[in-house]
Amino acid sequence: MSDDFLRKPFSLAPAAPVEEGATTNYTPVTSTFSSAPVSPYLNYDSRFLQQAQPEFIFPEGANKQRGRFELAFSQIGTSVMIGGGIGGVAGVYNGFKVTKALNQTGKLRRTQLINHIMKQGSGTANTLGTLAVLYSACGVLLQFVRGEDDHVNTMMAGSATGLLYKSTAGLRRCALGGAIGLGISSLYCLYLLAQENTTNSSPKFL
């Protein structure tokens, strides 16, 4: 096989019949995808194998995404950190407000600011951490009982979290907590569904 043939682009069009004794003239024909030549040893265009997103190999029987138990640790830690940050910012604001009203200055004011930041930051961190633990525990339990992980588990876990968190505050507040949990989890499920619809409707180019 000559080097001149190897330098010619790969053609997807069928070759025309050649009469016996006639001289064959090769006309370079390029693919409709690109003008770059393709190896003549392949019987297909390798550019058809390009994927819009990476493909991963999973063990047989393994889930293609992390379950609720695996996500629980990151969710709890993130909730505690976010709660500490929000509470710390609120503590700074309240500390400045209180010390200014009492005309405190110097070391006394600095000590009061640190006390407000530590107290309000730890309180908010504990609150969000507790909610995350309750939500994760309910979600893992529902996944184990129902044998599947879907948006129903998310809504039921959110409702159970609100009910359990306000269970010692009376029946009325307990029901209110469950309703708030159901509302927040429903909004989260609607957001996930919108993201899935957007992903499925977006065009995929090879």
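1. The chain exposes about 15600 Å², of which carbon and sulfur atoms supply 62%. The model is a predicted one, and buried residues account for 20% of the 206 residues in the chain.

2. On secondary structure, the chain contains five helices and zero strands. Read from the N terminus, its elements follow the order α-α-α-α-α. Of the contacts between residues at least 6 apart in sequence, 57% link residues at least 24 apart.

3. One aromatic pair is present in the structure. The ring centres of phenylalanine 69 and phenylalanine 73 are 5.3 Å apart and the planes stand at 85°, so the pair is edge-to-face, the angle being over the 60 degrees that this class requires. Both residues belong to helix 2 (residues 68-101), where they are four residues apart, about one turn of the helix. Phenylalanine 69 and phenylalanine 73 are both exposed.

4. Two salt bridges are found in the structure. Arginine 146 meets glutamate 148 through their side chains at 3.2 Å, N to O. Arginine 146 also forms a salt bridge with aspartate 150, with the closest N and O atoms 2.9 Å apart. Through shared partners, these salt bridges join Arg146, Glu148 and Asp150 into one network.

Note on methods. Residues numbered from 1 in each chain as written. Predicted model: local features only at pLDDT ≥ 70, side-chain atom pairs only at ≥ 80, totals over all residues. Heavy atoms only, no water. Phe/Tyr/Trp six-rings, centres within 6.5 Å; stacked < 30°, edge-to-face > 60°. Helix = DSSP H or I, 4+ residues; strand = E, 2+ residues; numbered from the N terminus. Buried < 20%, exposed > 50% of the residue type's maximum accessible area, 1.4 Å probe, protein only. Contact = heavy atoms within 4.5 Å. Areas by Shrake-Rupley, 256 points an atom, 1.4 Å probe, with all protein chains shown as cover. Salt bridge = Lys/Arg side-chain N within 4 Å of Asp/Glu carboxyl O.
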